[in-house]
Amino acid sequence: MGISVFEVLSVIGILQVQRNNNSPEVCGRIKNVAGDFGCTGAGRAVGESMEQLGILGELPAWTLITGTVIVLFAGFVKGAVGFALPMIIISGLGSILPAETALAALILPTLATNLRQSLRGGWRGAVETGRRYWLFLAALLICLVLSAQLVSVIPTRALFLLIGGVLIIFGALQLSGWVLRLDPLNRVRDELAIGGVAGALGGVSGIWGPPTVMYLTATDAPKAQAMRVQGVIYGIGSIALLLAHLRSGVLNTHTLPLSLAAVLPAFAGMALGYMLHDRMPQATFRRAMLLVLTIAGLNLVRRGIFG
């Protein structure tokens, strides 16, 4: 059975309308118009396909290309130093997409890359890391879930300014030669406090790496351990982020395809980053973490000032 000339012309017209109108209702209109004219073949299929793609089917090509490059670079940085993927994605995509859409986009690539990072040294190492840092994880998860429900209410600019300022001062001092050492006797207090801050920041912004890195550098964690710890902490946190924003509505049927599409470029960038990471000595790795941490702080301050 062939497709009629009328159906072909209808599809061409529908695609042109879609290019010029990115409203969420366009997919439903396509299906309705196709049904009104008895075009139950290609026209209706186009409408259903666009509906399944959600916001991914509404974005222009330049946005998709730019977004892919941003996610690729975010994956590269994460592979090299172990963190900053959500920070780069939310900053980059937030400049070309609405804030909540950018937040939804980072959820699945964050989860996927963190699981990959945590299991790079084997599942036994991941389990042992979880046991060692369970206090930090507990504080992070509780604060993340609670703060995620306030994503549209909490004054995030003040939070960004506070956290960003602390990170800039910490990173700059460490890079200049000053070294912060946390007393092991205060481990419970330090892990609960810093884990809670990381979770509160992660729930409202999808970013909880900088406080975690600050804690790891202050405890002078070895390179391999630091990468594994970050993978486990971020991995468990990203599961909580996924569940929290399924509940908050940020991740839904309309934004899910975009988040899924971001996983592949994130993995590709991460593979490139691992090549650089494996060649870095411990001292270089630590300085690279501190440099990215300072940049993260500057970015949070920028968001706090300009939104």
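1. The protein exposes about 14,300 Å² of surface, of which carbon and sulfur atoms supply 69%; accessible areas come from the Shrake-Rupley method with a 1.4 Å probe, and for residues only the protein chains shown count as cover. This is a predicted model, in which local features need pLDDT of at least 70 and side-chain atom pairs count only at pLDDT 80 or more, while totals for chains, interfaces and linings use all residues. Residues are numbered from 1 along each chain as its sequence is written, and side-chain values use heavy atoms, with hydrogens and water left out.

2. The protein has 15 helices and zero strands, where helices (H or I, at least four residues) and strands (E, at least two) are DSSP runs numbered from the N terminus. Of its 307 residues, 51% are buried, a term that stands for under 20% relative accessible area, with exposed meaning over 50% and partly exposed in between (1.4 Å probe, protein chains only). Among contacts (heavy atoms within 4.5 Å) between residues at least 6 apart in sequence, 82% join residues at least 24 apart.

3. The largest nonpolar core holds 76 residues, and those that touch the most other members are Val81, Phe83, Phe136, Ile233 and Leu293. The largest share of this core, 10 residues, comes from α12. A nonpolar core is here a set of buried Ala, Val, Leu, Ile, Met, Phe, Trp, Tyr and Cys residues joined through side-chain atoms within 4.5 Å. Leucine 293, not counting residues up to four places away in sequence, touches Phe83, Leu167, Phe170, Pro210, Val213 and Met214.

4. Helix α4 (residues 61–81) has 21 residues and reaches 31 Å from its first C-alpha to its last, close to the 30 Å expected at 1.5 Å a residue; the expected span is 1.5 Å times one less than the number of residues. Its buried residues include Ile70, Val71, Ala74, Val77, Lys78 and Val81, and what covers the buried residues of α4 includes α5 (85–93), α6 (99–118), α12, α14 (263–277) and α15. Just after α4, glycine 82 takes a positive phi of about 95°.

5. Alanine 84 deserves a separate look, as a residue that has a positive phi of about 90° although it is not a glycine. Alanine 84 lies in the loop between α4 and α5, and at 5% relative accessibility it counts as buried.

6. How do α12 and α15 pack? Helix α12 (residues 223–248) and helix α15 (residues 282–306) pack at an angle of about 40°, with their axes 10 Å apart; axes are lines fitted to C-alpha atoms, for helices over the stretch in contact, and angles run from 0 to 180 degrees between N-to-C directions. In this contact, Lys223, Ala226, Met227 and Gln230 of α12 meet Gln282, Phe285 and Met289 of α15. The contact residues divide into four nonpolar, two polar and one charged, where Ala, Val, Leu, Ile, Met, Phe, Trp, Tyr, Cys and Pro count as nonpolar, Asp, Glu, Lys and Arg as charged, and the others, Gly among them, as polar.

7. Glutamine 230, in helix α12, is buried, with a relative accessible area of 0%. Leaving out residues up to four places away in sequence, glutamine 230 touches Val81, Gly82, Phe83, Gln117, Val213, Leu216, Gly235 and Met289.

8. Threonine 113 lies in α6 and is buried, with a relative accessible area of 1%; beyond neighbours up to four places away in sequence, threonine 113 touches Lys78, Leu85, Ala266, Phe267 and Met270. Asparagine 114 also lies in α6 and counts as buried at 2% relative accessibility. Leaving aside neighbours within four places in sequence, asparagine 114 is in contact with Lys78, Trp208, Gly231, Tyr234, Gly235 and Ser238, and its C-alpha is separated by 8.4 Å from that of isoleucine 236, 122 residues apart along the chain.

9. Threonine 129 lies in helix α7 (residues 123–132) and, at 6% relative accessibility, counts as buried. Not counting residues up to four places away in sequence, threonine 129 touches Arg228, Val229 and Val232.
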